[in-house]
Amino acid sequence: METKKKCPYCGSWDVQTVYVESEGYRDWCPQCGKSRISRAVIKSGIIIFIIILVYILGNIILYYAQESIQKPNILKCEQIEIKLKEMELNISKYEKDILNNKNEMQSQKSEIEKIHGKLLSPEINYKDEKGYNMEYNRYRNLIKNYNNNVDKTNKLLLSYKVLIDSYNSNVEEYNKLAKTAYTRWFIIPMPTKSKVKK
Ligand SMILES: [Zn+2]
């Protein structure tokens with residue numbers, strides 16, 4: 001089973017392999033008392049070291065190869081990301097404008113209804129014809145402004161819808177690209193962060 005080893009210091013064939021805690025296996029000669037790290041241990045250490053080195057170098061090469069292949073897709077993804085951020089700002093601006101218009105229309109509407117009620121009984125609400133006519137002109141202007149706001153809001157809603165559609169199609173394009181652009185393969189699969197937008 002065991003092959004005998006010759007002590008390189010005194011030439012004795014009594015060399016024993018002993019296990020030393022935190023050092024590994026050692027060839028120990030009971031004749032001269034000298035010992036040295038067993039060759040077998042050094043060899044397997046080198047093999048493990050080479051395997052780790054090949055694994056690390058292989059993954060590094062694989063990573064940079066994929067990185068350079070995916071470079072155009074990564075750039076495209078980054079461009080879309082910038083575009084999406086601009087669109088998000090635009091979208092929130094539209095939402096704010098639409099909400100402001102609707103609030104303004106709401107207060108115009110209640111003002112119009114209030115004046116309309118007063119105009120229905122002029123003898124109670126107005127001292128003279130001049131007062132009535134002034135109020136009536138205000139009423140007509142308010143209706144004109146209200147109708148302008150309806151047109152403005154409808155136009156805003158239309159542009160808003162176009163913007164949302166464009167935003168969604170950009171997200172779709174980004175996700176299609178990101179799926180390959182940011183996926184990296186390794187010799188042994190490693191978990192990577194997904195950049196796909198939900
Ligand atoms: Zn010896």
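Mentor: Domain 1 covers 1-37 and domain 2 covers 46-181, with bounds that come from an automatic or database domain assignment. The model is a predicted one, in which local features need pLDDT of at least 70 and side-chain atom pairs count only at pLDDT 80 or more, while totals for chains, interfaces and linings use all residues. Residues are numbered from 1 along each chain as its sequence is written.

The protein chain holds three helices and three strands, in the order β-β-β-α-α-α along the sequence. Helices here are DSSP runs of H or I with at least four residues, strands are runs of E with at least two, and both are numbered from the N terminus. The radius of gyration of the protein chain is 42 Å, well over the 16 Å that the globule rule gives for 198 residues, so the chain is more spread out than a compact globule. That radius is taken over C-alpha atoms, and the rule is 2.2 Å times the number of residues to the power 0.38. Along its principal axes, the C-alpha trace spans about 135 × 35 × 25 Å. Of the 198 residues, 5% count as buried; a residue is buried if 20 or more other C-beta atoms lie within 10 Å of its own, exposed if 12 or fewer, and partly exposed in between, with C-beta atoms placed from the backbone.

Three strands form an open sheet in the order 1-2-3 with antiparallel pairing, where two strands pair if DSSP finds at least two bridges between them. Strand 1 (16-20) and strand 3 (35-37) are the edge strands, each pairing on one side only. Strand 2 (residues 24-28) pairs with strand 3 in the antiparallel sense over three bridges. Within this arrangement, Trp28 stands opposite Ser35 in strand 3.

Tyr167 counts as partly exposed because it has 16 C-beta neighbours inside 10 Å. Apart from neighbours within four places in sequence, Tyr167 is in contact with Leu84, Met87 and Ile91; contact means that the C-beta atoms of two residues, placed from the backbone, lie within 7 Å. Tyr167 and Ile47 are 120 residues apart in sequence, and their C-alpha atoms are 54 Å apart in space. Among contacts in the protein chain between residues at least 6 apart in sequence, 51% join residues at least 24 apart.
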